[in-house]
Amino acid sequence: PVMTGVKEVFPEAEHRECMFHLVSNFKKKFHGKVFDDHLWAAAYSWNPYLFVKNWVAMDIAKPTATAYLRKWHTRLWSRS
């Protein structure tokens, strides 16, 4: 696969989660307020404090959503 070659050529490069694919998968299971108010807020957080604040809000609103993200989307996907 391409990513194997990229890792060999650029071993120090950071590999982040693609928000397009994360959102496509997330919307199959979760939608509405948890998606609109919490996932995007966490993704666009500019610093760790705001990310944690939005993550906790999502965890309170929909614990299954944060459990899903922890299990299936483990690479960095937020700005912070």
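Student: What does Leu-22 touch, leaving out residues up to four places away in sequence?
Tutor: In this predicted model, Leu-22 touches Glu-17, Leu-39, Leu-69, His-73 and Trp-77, with residues up to four places away in sequence not counted.

Student: What makes those count as contacts?
Tutor: The cut-off does: contact means heavy atoms within 4.5 Å.

Student: Okay, and which residues have the most contacts inside the largest nonpolar core?
Tutor: Leu-22 is one of them, along with Phe-26, Leu-39, Met-58, Leu-69 and Trp-77, in a core of 17 residues. Helices α2, α3 (33-43), α4 (48-61) and α5 (63-72) each put in at least two residues, and α3 gives the most, with five.

Student: Let's look at His-38, then. Where does His-38 lie?
Tutor: His-38 lies in helix α3.

Student: Why is His-38 called buried?
Tutor: Buried means under 20% relative accessible area. His-38 comes in at 13%, so it counts as buried.

Student: What does His-38 touch, not counting residues up to four places away in sequence?
Tutor: On that count, Lys-33, Asn-54, Ala-57, Met-58 and Ala-61 all touch His-38.

Key
Residues numbered from 1 in each chain as written. Predicted model: local features only at pLDDT ≥ 70, side-chain atom pairs only at ≥ 80, totals over all residues. Heavy atoms only, no water. Core = buried A, V, L, I, M, F, W, Y, C linked by side-chain atoms within 4.5 Å. Buried < 20%, exposed > 50% of the residue type's maximum accessible area, 1.4 Å probe, protein only. Helix = DSSP H or I, 4+ residues; strand = E, 2+ residues; numbered from the N terminus.
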